[in-house]
Amino acid sequence: MAVLILLLLLIPISSEVEIDCNSLRMGQFICPDPALRQIDPKTQQLRGCTPDNKARVCNGYHFDTALLLSVFLGMFGADRFYLGYPAIGLLKFCTLGFMFLGQLVDVILIATQVVGPADGSAYIIPYYGPVITVVRSDNWTYRLPQDNW
């Protein structure tokens, strides 16, 4: 019993766990203990993570709000106004959501997170929510040669 008490006294107990975002691989996620309060409630990201070390930048656009606006008020362009696309929002408003076809397309595009905020930031999504990371390819993307080619 004395050994157990001695071990408990020697083991440091900390409520804050330091996470180095640079050590995460692309697409790797951490599921920390919610009791440690490592998630920032404003950005829904790990505390201490910045855009320089692989954190998503959130500027206040909620995924839930954008999707609900698209479903219920998409024919009036409310979803596009909310996301910062006023020209497309006005066009949808004048044509009644491109005769409801544009509304359906926008619901799909917002639900799959293809269309995001106009400023390039990410949606604010609950930490364990449906975050999708889109990997795009362009002229700077290339395939690394493998040994067995």
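Analyst: Contact means heavy atoms within 4.5 Å. By that rule, leucine 83 touches Tyr61, Ala66, Ile110, Val115, Gly116, Pro117, Ala118 and Tyr123, leaving out residues up to four places away in sequence. A word on the source: this is a predicted model, where local features need pLDDT of at least 70, side-chain atom pairs count only at pLDDT 80 or more, and totals for chains, interfaces and linings use all residues. Residues are numbered from 1 along each chain as its sequence is written, and side-chain values use heavy atoms, with hydrogens and water left out.

User: What makes arginine 80 count as buried?

Analyst: Its relative accessibility is 9%, so arginine 80 counts as buried. Arginine 80 also sits in helix α3, residues 78-83. Beyond residues up to four places away in sequence, arginine 80 touches Tyr85, Pro86, Ile88, Gly89, Lys92, Asp106, Leu109 and Val115.

User: How do you know what counts as a helix or a strand?

Analyst: Both are DSSP runs, numbered from the N terminus: helices are H or I with at least four residues, strands E with at least two. The chain has six helices and two strands. From the N terminus, the order is α-β-α-α-α-α-α-β. Of the 149 residues in the chain, 26% are buried.

User: Why are α2 and α6 called roughly antiparallel?

Analyst: Start with the angle. Axes are lines fitted to C-alpha atoms, for helices over the stretch in contact, and angles run from 0 to 180 degrees between N-to-C directions. Helix α2 (residues 63-73) and helix α6 (residues 101-111) pack at about 165°, with axes 9 Å apart. That makes α2 roughly antiparallel to α6. The cut-offs: under 35 degrees is roughly parallel, over 145 roughly antiparallel, 65 to 115 roughly perpendicular, and the rest oblique.

User: Which residues make the contact of α2 and α6?

Analyst: From α2 come Phe63, Ala66, Leu67, Ser70 and Val71; from α6 come Gln103, Asp106, Val107, Ile110 and Ala111.

Methods:
Buried means under 20% relative accessible area, exposed over 50%, partly exposed in between (1.4 Å probe, protein chains only).
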